[in-house]
Amino acid sequence: MQSKYLLAMGLPLALLAGCGQQNGTTETTSAPLQPVAQSDAPAGSTAKEAEEKTGVAKTVPMAAVAFTTKLDFSSQPSTIPVGKPVTWTLKISDAKSGQPVKDFETEMTKKMHLIVVKNDLSWFNHIHPQLGANGNFVVTTTIPTSGSYKLYADYTPTGRKQEVPQHEFATGGAQPAPSSVSLVPDTVQGMWLTKKFVSHPEGEPNAKGGATYEVAMMPMPSPLVAGQDSMLHFQIRDAKGKPLNDLQPYLGTLGHCVILSQDTTKYLHSHPMAAGAEHDMGKMGDMDMSQMNEAPVPKSGGPDVMFHTNFPTAGLYKAWGQFKHKGQIITAAFVVQVGAAKAGASKPAQDESQPHSH
Ligand SMILES: [Cu+2]
């Protein structure tokens with residue numbers, strides 16, 4: 001049901017489980033905790049188009065899913081410096097044959113979305129390696145402070161499903177320390193969580209001199225519950241709290257939301273919901289799909305940007321919403337608490353592994 005619902009809105013949503021890694025090679029054999037529902041349809045295209053383009057089998061039983069590719073990470077210089085540019089090469093190969101994988105779908109205008117976080121989730125970056133003629137992805141970036149980091153390489157090999165292998169590294173040639181994050185949930189003031197953020201150039205979260213914004217976020221339902229269709233509703237405002245209606249398209253849509261679990265193993269990437277789909281979470285299961293098909297996903301505007309998701313397990317999560325305004329990126333991070341599903345009250349993830357009808 002959830003997948004059909006997502007597709008009906010042309011909504012990509014990915015959820016992949018973490019995996020171990022050693023010696024620069026990420027083993028990609030862990031099964032996602034939940035089927036990966038995805039669509040590479042451009043915003044505004046219909047669910048049917050999305051399904052035709054990506055194939056009907058959007059969902060697979062959990063146990064059957066494994067990554068089909070592996071990620072090899074290398075760095076130049078090989079010892080990752082602090083505060084200086086470093087160039088990374090990400091080589092994707094077939095997990096079985098070891099042959100290079102060189103063809104990738106374009107998703108949200110890019111062939112790869114690379115999320116980089118410090119292992120305490122205090123720092124986040126979202127960058128886009130370029131696919132070279134040799135099939136390697138290359139990106140030059142800067143790690144601002146010393147420590148251990150984790151990256152999530154989000155890509156869809158042509159003819160395959162989206163895969164998000166993870167890789168850990170540390171600055172200065174150190175061994176990456178295990179993640180030990182202890183997030184503190186943001187507290188709701190009235191209906192909203194409200195915080196101030198400073199905009200930055202794309203891919204440069206530490207750049208100074210950006211404008212200040214107020215971003216409010218409302219989780220729905222509140223409190224969030226594991227295994228239930230949920231929504232993170234962001235509202236982007238200027239520094240004085242006035243809602244903005246001139247957000248720009250960012251990577252082909254109105255915003256991006258990446259969510260990580262506190263243990264850093266669960267990665268969710270969500271794109272905005274179509275207008276008109278918001279807020280009546282109590283009726284989410286009864287939504288009129290034909291109406292959803294007709295509502296285009298907004299590409300610009302604001303101030304409200306809603307992300308649909310489904311938290312796989314109870315616990316703390318950190319969500320980074322990203323929006324574009326006046327050519328700069330606003331990265332708004334919130335920590336949310338997700339409660340355990342009550343027996344009989346939620347839809348278990350397994351329900352979503354059933355093939356859906358069209
Ligand atoms: Cu991206």
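This is a predicted model: local features need pLDDT of at least 70, side-chain atom pairs count only at pLDDT 80 or more; totals for chains, interfaces and linings use all residues.
**Ile 236**

I placed Ile 236 in strand β15, which covers residues 229–238. I then looked for what lies around Ile 236 from elsewhere in the sequence, and, leaving out residues up to four places away, I found that it touches Tyr 213, Val 215, Leu 244, Leu 247, Gly 302, Pro 303, Val 305, Phe 323 and Ile 330. I also noted the separation from Ala 216, which is 20 residues apart from Ile 236 along the chain, while the two C-alpha atoms are separated by 6.6 Å.

**The nonpolar core**

Which residues have the most contacts inside the largest nonpolar core? I found Ile 236 listed there together with Ala 153, Val 215, Met 217, Ala 319 and Ile 330, in a core of 59 residues. I noted that this core draws at least three residues from each of domain 1 (4–12 + 181–339) and domain 2 (20–173). I followed Ala 319 next, and, not counting residues up to four places away in sequence, I saw that Ala 319 touches Leu 232, Cys 257, Ile 259, Ala 333, Phe 334 and Val 336.

I looked up which strands pair with β16. With β19 (residues 315–325) the pairing is antiparallel and runs over six bridges, and in that pairing Ser 261 stands opposite Tyr 317. With β17 (residues 267–270) the pairing is again in the antiparallel sense, over four bridges; here Cys 257 has Ser 270 as its bridge partner, and Ile 259 stands opposite Leu 268.

I checked β17 for cover as well, and I found both of its faces covered, with Tyr 267 and His 269 on one side, Leu 268 and Ser 270 on the other, and all of them buried. Between the two strands of the β16 and β17 hairpin there are five residues, and in this hairpin Thr 264 takes a positive phi near 65°.

**The sheet with β7 and β11**

I turned to an open sheet of four strands, whose order is β7-β6-β10-β11 and whose pairing is antiparallel. Why is one side of β7 and of β11 left without a neighbour in the sheet? I traced this to their places at the edges: β7 (124–127) and β11 (166–170) each have a single partner strand, so one side of each has no neighbour there. I recorded an average twist of 20° from one strand to the next. For β7 the pairing with β6 (residues 113–118) is antiparallel over four bridges, and in it Leu 114 has Ile 127 as its bridge partner.

**Leu 131**

My last entry is Leu 131, in strand β8 (residues 130–131), which is buried because 20 other C-beta atoms lie within 10 Å. Leaving aside neighbours within four places in sequence, I found Leu 131 in contact with Phe 104, Lys 111 and Phe 137. The C-alpha atoms of Leu 131 and Asp 103, which are 28 residues apart along the chain, are separated by 9.1 Å.

Technical notes. Residues are numbered from 1 along each chain as its sequence is written. Two strands pair if DSSP finds at least two bridges between them. Axes are lines fitted to C-alpha atoms, for helices over the stretch in contact, and angles run from 0 to 180 degrees between N-to-C directions. Two residues are in contact if their C-beta atoms, placed from the backbone, lie within 7 Å. A residue is buried if 20 or more other C-beta atoms lie within 10 Å of its own, exposed if 12 or fewer, and partly exposed in between; C-beta atoms are placed from the backbone. A nonpolar core is a set of buried Ala, Val, Leu, Ile, Met, Phe, Trp, Tyr and Cys residues joined through C-beta atoms within 7 Å. Domain bounds come from an automatic or database domain assignment.
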